[in-house]
Amino acid sequence: MASVSCSWLTLPSKMRNLSLTSSASSSSNSASLSFSRNLSHNVFSQGGLSLSTVQRRSAVVVCEAKPKKKVDSAVKRARQAEKRRIYNKARKSEIRTRTKKVLEALELLKKKPDAQFEEILSIEKMIGETYSVIDKAVKVGTLHRNTGAHRKSRLARRKKAVEIHHGWYSPVPAA
């Protein structure tokens with residue numbers, strides 16, 4: 001007769017289908033183990049479950065479920081990912097801040113009734129700096145290139161709308 005000592009609460013559900021049978025002949029000292037089809041051999045080879053048998057009158061099988069140790073490369077990857085996440089978060093925040101400042105400046109200029117063309121030059125400088133930050137974010141992979149293009153296009157459209165509103169730019173009629 002084989003007896004099983006296992007903590008069933010710590011085993012994953014696919015390991016709970018473990019079935020043990022003792023050999024048919026009682027004269028032999030060794031017990032044979034059979035496993036259900038749901039439990040793959042990989043569980044044992046990967047170190048997730050260890051079997052140890054003790055030979056006495058009846059075989060005693062002890063199952064231990066151990067949490068697998070994280071591989072050193074996985075730990076390093078996690079550390080790198082966290083570092084990149086913080087770096088990317090700061091870069092995206094800078095892009096949002098610069099974009100917001102440009103859009104607010106364009107709105108103020110659009111609402112101003114007696115605006116002069118020279119006033120848009122300082123905004124153009126801010127737009128250029130924002131474009132530069134967006135391009136750098138695209139280059140290092142923080143933003144997708146289409147996202148970067150969309151954000152730059154948005155700024156250009158708003159600037160052109162302000163220029164058209166004040167009469168500083170007249171679109172060429174389509175032929």
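**Figure 1. Helix α4 from end to end.** Helix α4 has 22 residues, and its first and last C-alpha atoms are 32 Å apart, close to the 32 Å expected at 1.5 Å a residue; the expected span is 1.5 Å times one less than the number of residues. Helices here are DSSP runs of H or I with at least four residues, strands are runs of E with at least two, and both are numbered from the N terminus. This is a predicted model, in which local features need pLDDT of at least 70, side-chain atom pairs count only at pLDDT 80 or more, and totals for chains, interfaces and linings use all residues. Residues are numbered from 1 along each chain as its sequence is written, and side-chain values use heavy atoms, with hydrogens and water left out.

Figure 2. Which residues of α4 are buried? They are G148, L155, K159, V162 and E163, where buried means under 20% relative accessible area, exposed over 50% and partly exposed in between (1.4 Å probe, protein chains only). Looking down the axis of α4, these buried residues fall within an arc of 105 degrees, so they line one face of the helix; the arc is that of the directions from the helix axis to the C-beta atoms. On the face turned away from the buried side you will find the exposed residues N146 and R157. The cover over the buried residues of α4 includes α2 and α3 (119–140).

**Figure 3. A closer look at V162.** V162 sits in helix α4 and, at 2% relative accessibility, counts as buried. Leaving aside residues up to four places away in sequence, V162 touches L106, L109, K110 and W168; contact means heavy atoms within 4.5 Å. V162 and L106 are 56 residues apart along the chain, yet their C-alpha atoms are separated by 6.8 Å.

**Figure 4. Where α2 meets α4.** Two packed helices are described by the angle between their axes and the distance between the axes. Helix α2 (residues 72–111) and helix α4 (residues 145–166) pack at about 10 degrees, with axes 10 Å apart. Axes are lines fitted to C-alpha atoms, for helices over the stretch in contact, and angles run from 0 to 180 degrees between N-to-C directions. α2 and α4 are therefore roughly parallel to each other, a label for angles under 35 degrees. From α2, the residues in this contact are I95, T99, V102, L103, L106, L109 and K110, and they meet R151, R154, L155, R158, K159, V162, H165 and H166 in α4. Sorted by class, the contact has 7 nonpolar, 3 polar and 5 charged residues. Here Ala, Val, Leu, Ile, Met, Phe, Trp, Tyr, Cys and Pro count as nonpolar, Asp, Glu, Lys and Arg as charged, and the others, Gly among them, as polar.

**Figure 5. Helix α3 and its buried side.** The 22 residues of α3 should span 32 Å at 1.5 Å a residue, and the 33 Å between its end C-alpha atoms agrees. Buried in α3 are I120, I123, I127, T130, V133, I134 and A137. Seen down the axis of α3, these residues fall within an arc of 135 degrees, so they line one face of the helix. They pack against α2 and α4, while the face turned away carries the exposed residues K125 and K139. G141, which follows α3, has a positive phi near 95 degrees.

Notes: Parallel < 35°, antiparallel > 145°, perpendicular 65-115°, else oblique.
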